Amino acid sequence: MTAPDDHALRASLAQLPALLASAPHRMMFFAGASAIIVSMLWWACFLGASWAGHAFPTAPVPAGWAHAVFTQYGMLPPFIFGFLLTVFPRWMGQPALQRRHYVPVFIGIFGGYLLAQIGLLDLRPLLLAGIALMLAGWISALVVLGGVLWRNGGKDRHALSCYVALLLGGFGLAAFAAFALGAPWQFAFVSIRFGTFFLLLPIFFTVCHRMIPFFSSNVVGAGYRMFRPGWSLPLLWLLLLVHVALDLRHQQDWLWLSDLPLAALFLVHWLGWQPWKCMRPGLLAALYLAFLWLPVAFLLYAAQSLLAYFDYGFLFARAPAHALTIGFFGSMLVAMVTRVTQGHSGRPLQMGRIPWLTFVLLQWVAVIRIGAELASNGPLWLAVAAFGWLIAFAPWVGRSLWIYLTPRLDGKPG
(Lines give C-alpha, C1' and ligand atoms only; values in the text may rest on other atoms or scores of the structure.)
Protein backbone atom coordinates (compact mmCIF):
# COMPACT_ATOMS: atom_id res chain seq x y z
CA MET A 1 0.00 0.00 0.00
CA THR A 2 1.07 3.58 -0.62
CA ALA A 3 1.30 5.76 2.44
CA PRO A 4 -1.00 8.83 2.60
CA ASP A 5 2.03 11.08 2.67
CA ASP A 6 3.12 9.61 -0.68
CA HIS A 7 -0.26 10.45 -2.19
CA ALA A 8 -0.03 14.00 -0.88
CA LEU A 9 3.50 14.38 -2.25
CA ARG A 10 2.48 13.08 -5.66
CA ALA A 11 -0.55 15.38 -5.72
CA SER A 12 1.65 18.36 -4.83
CA LEU A 13 4.17 17.48 -7.52
CA ALA A 14 1.39 17.02 -10.07
CA GLN A 15 0.13 20.51 -9.28
CA LEU A 16 3.54 22.17 -9.69
CA PRO A 17 3.32 22.82 -13.46
CA ALA A 18 -0.06 24.51 -13.08
CA LEU A 19 1.16 26.52 -10.09
CA LEU A 20 4.30 27.61 -11.92
CA ALA A 21 2.25 28.66 -14.95
CA SER A 22 -0.36 30.53 -12.88
CA ALA A 23 1.29 33.89 -13.62
CA PRO A 24 3.96 35.04 -16.09
CA HIS A 25 6.23 36.52 -13.44
CA ARG A 26 6.18 33.27 -11.41
CA MET A 27 7.22 31.15 -14.37
CA MET A 28 9.77 33.53 -15.86
CA PHE A 29 11.30 34.54 -12.53
CA PHE A 30 11.81 30.86 -11.78
CA ALA A 31 13.74 30.61 -15.05
CA GLY A 32 15.80 33.71 -14.30
CA ALA A 33 16.67 32.66 -10.74
CA SER A 34 17.81 29.27 -12.02
CA ALA A 35 19.86 30.89 -14.78
CA ILE A 36 21.67 33.13 -12.27
CA ILE A 37 23.33 30.03 -10.86
CA VAL A 38 23.69 28.05 -14.10
CA SER A 39 25.39 30.86 -16.04
CA MET A 40 27.87 31.77 -13.36
CA LEU A 41 28.59 28.18 -12.32
CA TRP A 42 29.83 27.43 -15.84
CA TRP A 43 31.83 30.67 -15.96
CA ALA A 44 33.30 30.23 -12.48
CA CYS A 45 34.38 26.66 -13.29
CA PHE A 46 35.91 27.82 -16.57
CA LEU A 47 37.83 30.65 -14.88
CA GLY A 48 38.89 28.46 -11.97
CA ALA A 49 40.13 25.70 -14.26
CA SER A 50 42.00 28.21 -16.43
CA TRP A 51 43.71 29.78 -13.43
CA ALA A 52 44.65 26.38 -11.94
CA GLY A 53 45.79 24.97 -15.29
CA HIS A 54 43.16 22.21 -15.39
CA ALA A 55 41.39 20.99 -18.50
CA PHE A 56 37.83 22.19 -19.09
CA PRO A 57 35.47 21.38 -22.00
CA THR A 58 36.16 23.78 -24.85
CA ALA A 59 33.21 25.96 -25.79
CA PRO A 60 32.29 25.93 -29.52
CA VAL A 61 32.54 29.75 -29.44
CA PRO A 62 35.02 31.95 -27.51
CA ALA A 63 34.19 31.46 -23.84
CA GLY A 64 34.34 35.17 -22.93
CA TRP A 65 31.88 36.03 -25.66
CA ALA A 66 29.61 33.17 -24.64
CA HIS A 67 29.65 34.47 -21.07
CA ALA A 68 28.70 37.97 -22.24
CA VAL A 69 25.95 36.75 -24.55
CA PHE A 70 24.24 34.21 -22.33
CA THR A 71 24.22 36.44 -19.26
CA GLN A 72 22.70 39.25 -21.34
CA TYR A 73 20.27 37.24 -23.45
CA GLY A 74 19.67 34.16 -21.29
CA MET A 75 20.12 35.06 -17.61
CA LEU A 76 18.52 38.51 -17.25
CA PRO A 77 15.79 38.46 -19.96
CA PRO A 78 13.57 35.92 -18.14
CA PHE A 79 13.15 38.48 -15.37
CA ILE A 80 12.50 41.18 -17.96
CA PHE A 81 9.92 39.13 -19.83
CA GLY A 82 8.25 38.00 -16.60
CA PHE A 83 7.89 41.62 -15.52
CA LEU A 84 6.76 43.01 -18.87
CA LEU A 85 4.31 40.18 -19.59
CA THR A 86 2.72 41.09 -16.25
CA VAL A 87 2.77 44.89 -16.38
CA PHE A 88 2.25 45.65 -20.08
CA PRO A 89 -1.52 44.97 -19.86
CA ARG A 90 -1.72 46.86 -16.54
CA TRP A 91 0.14 49.88 -17.85
CA MET A 92 -2.25 50.07 -20.79
CA GLY A 93 -5.51 49.08 -19.08
CA GLN A 94 -5.96 45.72 -20.82
CA PRO A 95 -6.89 42.24 -19.55
CA ALA A 96 -4.10 40.10 -18.11
CA LEU A 97 -2.36 37.75 -20.53
CA GLN A 98 -3.30 34.08 -20.52
CA ARG A 99 -1.10 30.99 -20.25
CA ARG A 100 -1.17 30.44 -24.00
CA HIS A 101 0.55 33.81 -24.35
CA TYR A 102 3.48 33.34 -21.95
CA VAL A 103 4.10 29.59 -21.62
CA PRO A 104 5.66 29.44 -25.14
CA VAL A 105 7.97 32.30 -24.11
CA PHE A 106 9.10 30.31 -21.08
CA ILE A 107 9.67 27.14 -23.08
CA GLY A 108 11.62 28.96 -25.77
CA ILE A 109 13.74 31.30 -23.66
CA PHE A 110 14.48 28.97 -20.76
CA GLY A 111 14.52 25.68 -22.65
CA GLY A 112 16.77 27.15 -25.31
CA TYR A 113 19.03 28.74 -22.73
CA LEU A 114 19.53 25.42 -20.91
CA LEU A 115 20.30 23.64 -24.18
CA ALA A 116 22.78 26.35 -25.16
CA GLN A 117 24.51 26.22 -21.78
CA ILE A 118 24.95 22.46 -22.10
CA GLY A 119 26.19 23.08 -25.64
CA LEU A 120 29.02 25.20 -24.24
CA LEU A 121 30.53 21.95 -22.93
CA ASP A 122 31.93 21.25 -26.41
CA LEU A 123 28.55 20.21 -27.83
CA ARG A 124 28.04 22.51 -30.81
CA PRO A 125 24.75 20.98 -32.10
CA LEU A 126 23.11 21.62 -28.72
CA LEU A 127 24.47 25.16 -28.67
CA LEU A 128 22.95 25.89 -32.08
CA ALA A 129 19.65 24.24 -31.19
CA GLY A 130 19.50 26.18 -27.95
CA ILE A 131 20.06 29.55 -29.62
CA ALA A 132 17.40 28.73 -32.22
CA LEU A 133 14.90 27.87 -29.48
CA MET A 134 15.78 31.05 -27.58
CA LEU A 135 15.09 33.07 -30.73
CA ALA A 136 11.72 31.33 -31.14
CA GLY A 137 10.78 32.22 -27.56
CA TRP A 138 11.97 35.80 -28.09
CA ILE A 139 9.85 36.19 -31.22
CA SER A 140 6.85 34.74 -29.37
CA ALA A 141 7.27 37.39 -26.66
CA LEU A 142 7.58 40.15 -29.26
CA VAL A 143 4.32 39.02 -30.87
CA VAL A 144 2.44 38.91 -27.57
CA LEU A 145 3.78 42.21 -26.19
CA GLY A 146 3.48 43.82 -29.61
CA GLY A 147 -0.22 42.95 -29.62
CA VAL A 148 -0.72 44.72 -26.30
CA LEU A 149 1.20 47.76 -27.54
CA TRP A 150 -0.70 47.79 -30.84
CA ARG A 151 -4.08 47.79 -29.10
CA ASN A 152 -2.88 50.77 -27.10
CA GLY A 153 -1.79 52.59 -30.24
CA GLY A 154 1.79 52.84 -28.95
CA LYS A 155 0.78 55.67 -26.64
CA ASP A 156 2.58 54.45 -23.52
CA ARG A 157 6.12 55.82 -23.82
CA HIS A 158 7.58 53.44 -21.24
CA ALA A 159 6.08 50.40 -22.93
CA LEU A 160 7.24 51.67 -26.33
CA SER A 161 10.81 52.18 -25.07
CA CYS A 162 10.91 48.68 -23.60
CA TYR A 163 9.50 47.16 -26.78
CA VAL A 164 12.07 48.89 -29.00
CA ALA A 165 14.78 47.53 -26.71
CA LEU A 166 13.35 44.01 -27.01
CA LEU A 167 13.27 44.33 -30.81
CA LEU A 168 16.91 45.39 -30.89
CA GLY A 169 17.73 42.61 -28.43
CA GLY A 170 16.18 40.13 -30.83
CA PHE A 171 18.48 41.41 -33.58
CA GLY A 172 21.42 41.06 -31.20
CA LEU A 173 20.58 37.45 -30.38
CA ALA A 174 20.12 36.70 -34.09
CA ALA A 175 23.54 38.21 -34.77
CA PHE A 176 25.13 35.80 -32.31
CA ALA A 177 23.24 32.92 -33.90
CA ALA A 178 24.78 33.94 -37.23
CA PHE A 179 28.23 34.05 -35.64
CA ALA A 180 27.75 30.59 -34.13
CA LEU A 181 26.84 29.33 -37.62
CA GLY A 182 30.07 30.73 -39.09
CA ALA A 183 29.51 34.42 -39.76
CA PRO A 184 32.46 36.83 -39.12
CA TRP A 185 33.44 37.78 -35.57
CA GLN A 186 31.89 41.22 -36.00
CA PHE A 187 28.46 39.61 -35.58
CA ALA A 188 29.40 38.53 -32.05
CA PHE A 189 30.76 42.01 -31.31
CA VAL A 190 27.46 43.56 -32.45
CA SER A 191 25.50 41.05 -30.35
CA ILE A 192 27.37 41.89 -27.17
CA ARG A 193 27.08 45.66 -27.65
CA PHE A 194 23.39 45.42 -28.51
CA GLY A 195 22.78 43.30 -25.42
CA THR A 196 24.32 45.85 -23.09
CA PHE A 197 23.35 49.21 -24.61
CA PHE A 198 20.24 48.52 -26.70
CA LEU A 199 18.56 45.79 -24.62
CA LEU A 200 19.40 45.78 -20.91
CA LEU A 201 20.32 49.39 -20.21
CA PRO A 202 17.29 51.04 -21.86
CA ILE A 203 14.89 48.54 -20.27
CA PHE A 204 16.38 48.86 -16.80
CA PHE A 205 16.41 52.67 -17.02
CA THR A 206 12.91 52.85 -18.51
CA VAL A 207 11.48 50.71 -15.72
CA CYS A 208 13.34 52.79 -13.11
CA HIS A 209 12.07 55.99 -14.74
CA ARG A 210 8.50 54.79 -14.33
CA MET A 211 8.61 52.84 -11.09
CA ILE A 212 11.12 54.55 -8.73
CA PRO A 213 9.23 57.89 -8.57
CA PHE A 214 5.97 55.93 -8.24
CA PHE A 215 7.25 53.80 -5.34
CA SER A 216 8.84 56.85 -3.71
CA SER A 217 5.69 58.93 -3.93
CA ASN A 218 3.64 56.13 -2.37
CA VAL A 219 6.05 55.90 0.58
CA VAL A 220 6.95 59.56 1.19
CA GLY A 221 3.53 61.00 0.41
CA ALA A 222 2.80 64.72 0.10
CA GLY A 223 6.40 65.73 0.79
CA TYR A 224 7.68 64.03 -2.36
CA ARG A 225 8.10 65.92 -5.65
CA MET A 226 7.50 63.64 -8.62
CA PHE A 227 10.36 63.78 -11.15
CA ARG A 228 9.63 61.96 -14.39
CA PRO A 229 10.62 64.30 -17.26
CA GLY A 230 9.37 63.52 -20.74
CA TRP A 231 12.75 64.26 -22.33
CA SER A 232 14.57 61.50 -20.42
CA LEU A 233 13.84 58.52 -22.66
CA PRO A 234 14.41 60.27 -26.02
CA LEU A 235 17.71 61.68 -24.73
CA LEU A 236 18.73 58.27 -23.38
CA TRP A 237 18.12 56.61 -26.74
CA LEU A 238 19.95 59.37 -28.64
CA LEU A 239 23.04 59.07 -26.43
CA LEU A 240 22.99 55.27 -26.57
CA LEU A 241 22.83 55.41 -30.37
CA VAL A 242 25.90 57.65 -30.38
CA HIS A 243 27.72 55.34 -27.96
CA VAL A 244 27.01 52.18 -29.96
CA ALA A 245 27.81 53.86 -33.30
CA LEU A 246 31.21 54.98 -31.99
CA ASP A 247 31.87 51.63 -30.34
CA LEU A 248 31.06 49.63 -33.47
CA ARG A 249 33.45 51.87 -35.42
CA HIS A 250 36.11 51.14 -32.76
CA GLN A 251 36.33 54.82 -31.88
CA GLN A 252 36.49 54.18 -28.14
CA ASP A 253 38.62 57.30 -27.68
CA TRP A 254 35.54 59.36 -28.61
CA LEU A 255 33.01 57.55 -26.39
CA TRP A 256 33.26 60.31 -23.81
CA LEU A 257 31.08 62.40 -26.12
CA SER A 258 28.14 60.16 -25.20
CA ASP A 259 29.27 58.78 -21.86
CA LEU A 260 29.77 62.04 -19.98
CA PRO A 261 26.23 63.21 -20.86
CA LEU A 262 24.90 59.76 -19.94
CA ALA A 263 26.59 59.94 -16.54
CA ALA A 264 25.07 63.41 -16.05
CA LEU A 265 21.63 62.17 -17.17
CA PHE A 266 21.66 59.35 -14.64
CA LEU A 267 22.98 61.52 -11.82
CA VAL A 268 20.32 64.17 -12.49
CA HIS A 269 17.64 61.52 -12.17
CA TRP A 270 19.10 60.03 -8.99
CA LEU A 271 19.15 63.47 -7.39
CA GLY A 272 15.78 64.40 -8.88
CA TRP A 273 14.22 61.39 -7.17
CA GLN A 274 15.39 62.81 -3.81
CA PRO A 275 17.17 59.80 -2.30
CA TRP A 276 17.59 61.60 1.05
CA LYS A 277 13.83 61.20 1.52
CA CYS A 278 13.76 57.56 0.46
CA MET A 279 16.18 55.61 2.65
CA ARG A 280 13.31 53.85 4.40
CA PRO A 281 11.94 51.23 4.04
CA GLY A 282 14.77 48.96 2.90
CA LEU A 283 13.08 47.93 -0.36
CA LEU A 284 13.03 51.55 -1.47
CA ALA A 285 16.55 52.31 -0.25
CA ALA A 286 17.92 49.33 -2.18
CA LEU A 287 16.54 50.77 -5.43
CA TYR A 288 18.38 54.04 -4.86
CA LEU A 289 21.62 52.38 -3.81
CA ALA A 290 21.49 50.14 -6.88
CA PHE A 291 20.77 53.05 -9.24
CA LEU A 292 23.81 54.97 -7.98
CA TRP A 293 26.01 52.42 -9.80
CA LEU A 294 24.69 53.78 -13.11
CA PRO A 295 26.34 57.24 -13.05
CA VAL A 296 29.44 55.64 -11.49
CA ALA A 297 29.69 53.15 -14.38
CA PHE A 298 29.42 55.86 -17.03
CA LEU A 299 31.91 58.09 -15.28
CA LEU A 300 34.30 55.12 -15.54
CA TYR A 301 33.41 54.68 -19.23
CA ALA A 302 34.00 58.37 -19.85
CA ALA A 303 37.28 58.43 -17.90
CA GLN A 304 38.55 55.43 -19.84
CA SER A 305 37.63 57.05 -23.14
CA LEU A 306 39.32 60.33 -22.20
CA LEU A 307 42.49 58.49 -21.18
CA ALA A 308 42.49 56.79 -24.58
CA TYR A 309 41.82 60.15 -26.26
CA PHE A 310 44.98 61.54 -24.63
CA ASP A 311 46.96 58.42 -25.63
CA TYR A 312 47.16 56.83 -22.19
CA GLY A 313 45.69 53.56 -23.46
CA PHE A 314 42.66 51.48 -22.56
CA LEU A 315 43.61 51.38 -18.88
CA PHE A 316 40.40 50.25 -17.18
CA ALA A 317 39.71 47.40 -19.66
CA ARG A 318 36.36 45.81 -18.68
CA ALA A 319 36.04 47.57 -15.31
CA PRO A 320 33.35 50.04 -16.51
CA ALA A 321 31.37 47.21 -18.10
CA HIS A 322 31.29 45.29 -14.82
CA ALA A 323 30.40 48.38 -12.80
CA LEU A 324 27.38 48.49 -15.11
CA THR A 325 26.55 44.78 -15.29
CA ILE A 326 27.33 43.55 -11.78
CA GLY A 327 26.99 46.86 -9.95
CA PHE A 328 23.86 48.26 -11.59
CA PHE A 329 22.12 45.36 -13.34
CA GLY A 330 22.88 42.87 -10.55
CA SER A 331 21.99 45.17 -7.65
CA MET A 332 18.86 46.52 -9.34
CA LEU A 333 17.80 42.96 -10.15
CA VAL A 334 17.92 42.00 -6.47
CA ALA A 335 16.10 45.18 -5.40
CA MET A 336 13.36 45.14 -8.03
CA VAL A 337 12.73 41.39 -8.22
CA THR A 338 12.60 41.13 -4.43
CA ARG A 339 9.92 43.80 -4.39
CA VAL A 340 7.84 42.09 -7.09
CA THR A 341 8.32 38.67 -5.51
CA GLN A 342 7.25 39.89 -2.06
CA GLY A 343 4.17 41.66 -3.36
CA HIS A 344 3.02 38.95 -5.74
CA SER A 345 3.44 36.14 -3.21
CA GLY A 346 1.30 37.77 -0.52
CA ARG A 347 4.31 38.66 1.63
CA PRO A 348 5.04 42.00 3.33
CA LEU A 349 6.88 44.58 1.23
CA GLN A 350 10.12 44.19 3.16
CA MET A 351 13.67 43.63 1.98
CA GLY A 352 14.41 40.96 4.57
CA ARG A 353 17.70 39.50 5.76
CA ILE A 354 18.40 37.18 2.82
CA PRO A 355 17.88 39.81 0.09
CA TRP A 356 19.97 42.29 2.08
CA LEU A 357 22.73 39.71 2.50
CA THR A 358 22.79 39.09 -1.25
CA PHE A 359 22.65 42.82 -2.01
CA VAL A 360 25.57 43.66 0.30
CA LEU A 361 27.72 40.75 -0.87
CA LEU A 362 27.05 41.74 -4.46
CA GLN A 363 28.56 45.17 -3.83
CA TRP A 364 31.79 43.45 -2.81
CA VAL A 365 31.65 41.19 -5.86
CA ALA A 366 31.35 44.28 -8.09
CA VAL A 367 34.33 45.94 -6.39
CA ILE A 368 36.42 42.76 -6.67
CA ARG A 369 35.55 42.34 -10.35
CA ILE A 370 36.38 45.97 -11.11
CA GLY A 371 39.63 45.72 -9.20
CA ALA A 372 40.58 42.53 -11.03
CA GLU A 373 41.26 44.62 -14.14
CA LEU A 374 43.97 46.51 -12.27
CA ALA A 375 45.40 43.63 -10.18
CA SER A 376 48.71 41.95 -11.02
CA ASN A 377 47.16 38.49 -10.55
CA GLY A 378 44.00 39.26 -12.52
CA PRO A 379 43.02 35.66 -13.44
CA LEU A 380 42.82 34.71 -9.76
CA TRP A 381 40.59 37.67 -8.91
CA LEU A 382 38.36 36.99 -11.92
CA ALA A 383 37.72 33.51 -10.54
CA VAL A 384 37.20 34.91 -7.02
CA ALA A 385 34.60 37.37 -8.35
CA ALA A 386 32.78 34.61 -10.27
CA PHE A 387 32.59 32.30 -7.25
CA GLY A 388 31.72 35.34 -5.13
CA TRP A 389 28.68 35.90 -7.36
CA LEU A 390 27.55 32.31 -6.67
CA ILE A 391 28.02 32.73 -2.92
CA ALA A 392 26.19 36.07 -2.92
CA PHE A 393 23.21 34.85 -4.93
CA ALA A 394 22.82 31.29 -3.58
CA PRO A 395 20.61 32.16 -0.55
CA TRP A 396 18.50 34.63 -2.54
CA VAL A 397 17.99 32.18 -5.39
CA GLY A 398 17.11 29.36 -2.99
CA ARG A 399 14.54 31.51 -1.22
CA SER A 400 13.12 32.81 -4.50
CA LEU A 401 12.76 29.37 -6.07
CA TRP A 402 10.87 28.16 -3.00
CA ILE A 403 8.47 31.10 -3.28
CA TYR A 404 7.86 30.50 -7.00
CA LEU A 405 7.12 26.80 -6.37
CA THR A 406 4.65 27.34 -3.51
CA PRO A 407 1.21 29.01 -3.38
CA ARG A 408 0.75 32.62 -2.33
CA LEU A 409 0.60 33.10 1.44
CA ASP A 410 -2.64 35.10 1.19
CA GLY A 411 -4.40 32.34 -0.78
CA LYS A 412 -4.98 34.54 -3.83
CA PRO A 413 -4.40 33.19 -7.34
CA GLY A 414 -1.28 34.01 -9.35
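The questions and answers below concern a predicted model.

Me: Which orientation do helix 5 and helix 6 have relative to each other, roughly parallel or roughly antiparallel?

Reply: Helix 5 spans residues 99-119 and helix 6 spans residues 124-152. Their axes come within 7 Å and cross at roughly 160 degrees. Angles over 145 degrees count as roughly antiparallel. The two helices are therefore roughly antiparallel.

Me: What is the handedness of the crossing of helix 5 and helix 6, and how many nonpolar residues does their contact have?

Reply: Helix 5 passes helix 6 in a left-handed crossing. By class, their contact has 1 charged and 8 polar residues, and the nonpolar residues number 16.

Me: Is Asp156 buried or exposed?

Reply: Asp156 lies in the loop between helix 6 and helix 7, the latter being residues 157-180. Leaving out residues up to four places away in sequence, Asp156 touches Trp91, Met92 and Arg210. The cut-off for burial is under 20% relative accessible area. Asp156 has 11% relative accessibility and therefore counts as buried.

Me: Which residues is Phe328 in contact with, leaving aside neighbours within four places in sequence?

Reply: Phe328 is one of the residues with the most contacts inside the largest nonpolar core. With those neighbours left aside, the contacts of Phe328 are Leu201, Phe204, Cys208, Ala290, Phe291, Trp293, Leu294, Ala323 and Leu333.

Technical notes. Residues numbered from 1 in each chain as written. Predicted model: local features only at pLDDT ≥ 70, side-chain atom pairs only at ≥ 80, totals over all residues. Heavy atoms only, no water. Axes fitted to C-alpha atoms, helices over the stretch in contact; angles between N-to-C directions. Helix = DSSP H or I, 4+ residues; strand = E, 2+ residues; numbered from the N terminus. Parallel < 35°, antiparallel > 145°, perpendicular 65-115°, else oblique. Left-handed = near helix turned anticlockwise from the far one by under 90°. Nonpolar A, V, L, I, M, F, W, Y, C, P; charged D, E, K, R; others polar. Buried < 20%, exposed > 50% of the residue type's maximum accessible area, 1.4 Å probe, protein only. Contact = heavy atoms within 4.5 Å. Core = buried A, V, L, I, M, F, W, Y, C linked by side-chain atoms within 4.5 Å.
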